[in-house]
Structure formats: structure tokens, C-alpha cells
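Hi everyone, thanks for making time for this. I'd like to walk you through one structure, so please have a look at it first.

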Amino acid sequence: MAEANKTYGFTIAVKELRETVPNIFRYASAYKRKHNLESKGLWEMFLEKPEEEPKPEEEKQEKLPEEILQNEPGENTVPDVDPEAMEGEKYNMCHFWSNFEIARLDFFRSKEYEEFFDMMDKSGGFWMERWGDAPIHSLAAGILLSPSDIHYFRDFGYRHTTIQHCPANAPARQLPRIPWLETTTEDEKERIEEDEYWANPDPVKENGVGCRCRCDTDIVDVEGKQGSCLAEWVEVAGGWASP
């Protein structure tokens, strides 16, 4: 990350439980607006796409006189106001999962981040709702960083409960494995079985990025799972790899 001048790295991006952060976006958006901050391209990863406005019924408008249209239910009414939208923007609940993250500490120690955190802290959302560090880190990154500051560790495997990212092995990029018996297992037979297990990695796959990985097969990888935010990352980053 230092060589590529990256500020924040993640391996899993998923959606937060909406009921735990009902007002977090309101305050994050207020900070962005208060300091007149323009998006650097990452903020859009955390926004719901605006719904397409229904096309006007041209044929209906051509056939019906104006006085009838004015009195018809649903015509010329004031549009509903979305209570969760801020400045026309709405949080899509995406966040970088902080169970695994690598970041530069000078980002979290910066004046801008400390001002952001202070505002979020004074809102009371940490204890009145259930704000966690993951959406806080993510929204701060969305406000202050650009996609080029972020690195997706797609070649790193990580699993927590039922959420897993395990990279497929890359063709023609598998390094030879030096046999090594770990010393934490006292039983010699178990140590040998463990070594043999890792001596047989998964087959390589097209577009794989891993090296000698062996993935658990009892759950679906988060990249193809409902609730994943990798599609949103790909859209702002311009591809799977970090820009």
C-alpha cells in the first residue's frame, strides 16, 4: 500500500443492517455539506441510484382536456418527500467491512477525519442507535478519499461466520510450496494431515488472483452473494482491481 500510495484497503464490502443506522447518513451528509466538500468519486459508492421517473403518458395528455387533467386524482400533486434522503441522496447501506482493513493512521489522525468523527460522536448515534466503526470509516472515506486511494485486497482470503471471500487461484501464477509442518499442533498425525491438506490447493480458474488458496465450500463467496457491495465498488473504481 505504501508503494502504491494507498490510504485504505479492504477485502469485503457488504450492506449494513438499516435498522442499526437510521440516521448515520443524515449526519455524514451534513458534515460534507457544512464543509462544502465535493465528491472525489468514492462517495457515489454509498448512494442509492435514483429511481427513474415514469415517462409521461403522452397519449393520455393529448386526448384529455387540461381542465379534466387538473381534477384527475394523482395529477399535479406535490411529490412525496423521502424522509431518509439528504440533498436528494440516500444511503444504500454499503460499507467496507472493518473485520479486515488496512489503513494509514495519518488518515484517521487527520484534522478532517477528527472533525468528521467529532460531529458524528456529538450526534449521539453511537449509543442511541448502533453505529459501528465500519460505516463510520466507510462514509468518511467516501467524503474525503477517491477510488484511487482505496485498495481491494481481492487476493486475500477472509471468513467470518457466514461471510467469506476466498480468491480463486490464478492460472500460471502458482508458486511451488515448501513443505512445512507447523508446530502449534502437538499431535504428529494431525500436523501431517494439516500439511497434506494445504499441499493440495484448489484448481486454477480463469480470472483467478489467488496463490495456492483452498476455499471452504459450505458457503457462497461474498462476491456473488446477495447483500454484497462489490458491484458498487467496481462501478466507482472502473474495474475489479484498484485504480
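Let me start with threonine 161, which at 52% relative accessibility counts as exposed; here buried means under 20% relative accessible area, exposed over 50%, and partly exposed in between, with a 1.4 Å probe and protein chains only. Threonine 161 sits in the loop between strand 6 (158-160) and strand 7. Helices and strands are DSSP runs numbered from the N terminus, with helices being H or I of at least four residues and strands E of at least two. The phi of threonine 161 is positive, about 50 degrees, although threonine 161 is not a glycine. For background, most residues other than glycine have a negative phi.

Before I go on, a word on where this comes from. This is a predicted model, in which local features need pLDDT of at least 70 and side-chain atom pairs count only at pLDDT 80 or more, while totals for chains, interfaces and linings use all residues. Residues are numbered from 1 along each chain as its sequence is written, and side-chain values use heavy atoms, with hydrogens and water left out.

Back to positive phi angles. Asparagine 207 has a phi near 70 degrees, and asparagine 207 is not a glycine either. You'll find asparagine 207 in the loop between helix 8 (188-198) and helix 9 (230-237), and at 62% relative accessibility asparagine 207 counts as exposed.

Two packed helices are described by the angle between their axes and the distance between the axes. The axes here are lines fitted to C-alpha atoms, for helices over the stretch in contact, and angles run from 0 to 180 degrees between N-to-C directions.

How do helix 1 and helix 5 cross? The axes of helix 1 (residues 24-34) and helix 5 (residues 111-122) come within 10 Å and cross at roughly 140 degrees. Helix 1 and helix 5 are therefore oblique to each other: angles under 35 degrees count as roughly parallel, over 145 as roughly antiparallel, 65 to 115 as roughly perpendicular, and the rest as oblique. The crossing of helix 1 and helix 5 is right-handed, meaning that the near helix is turned clockwise from the far one by less than a right angle.

On the helix 1 side, Ile24, Tyr27, Ala28, Ala30 and Tyr31 meet Glu112, Glu115, Phe116, Met119 and Met120 of helix 5, where contact means heavy atoms within 4.5 Å. By class, this contact of helix 1 with helix 5 has eight nonpolar, no polar and two charged residues. Ala, Val, Leu, Ile, Met, Phe, Trp, Tyr, Cys and Pro count as nonpolar, Asp, Glu, Lys and Arg as charged, and the others, Gly among them, as polar.

Which residues of helix 1 are buried? They are Ile24, Phe25, Ala28, Ser29, Ala30, Tyr31 and Lys32. These buried residues pack against helix 5 and helix 7 (133-144).

Now for the other pair. The axes of helix 5 and helix 7 come within 11 Å and cross at roughly 130 degrees, so helix 5 and helix 7 are oblique to each other. Their crossing is right-handed. Among the residues that meet there are Tyr113, Phe116 and Phe117 in helix 5 and Ile136, Leu139 and Ile143 in helix 7.

At 41% relative accessibility, glutamate 112 counts as partly exposed, and not counting residues up to four places away in sequence, glutamate 112 touches Tyr31 and Leu144.

I'll finish with two side chains. Histidine 165 lies in strand 7 (residues 163-165). Is histidine 165 buried or exposed? At 2% relative accessibility, histidine 165 counts as buried. Its side chain reaches the backbone oxygen of arginine 154 at 2.7 Å.

Arginine 104, in the loop between strand 4 (101-103) and helix 4 (105-108), is partly exposed, with a relative accessible area of 35%. Leaving out residues up to four places away in sequence, arginine 104 touches Asn5, Lys6 and Thr7.

Technical notes:
A polar contact is a pair of N or O atoms within 3.5 Å; within protein, one must be able to donate a hydrogen and the other to accept it, and residues adjacent in sequence count only if both atoms are side-chain atoms.
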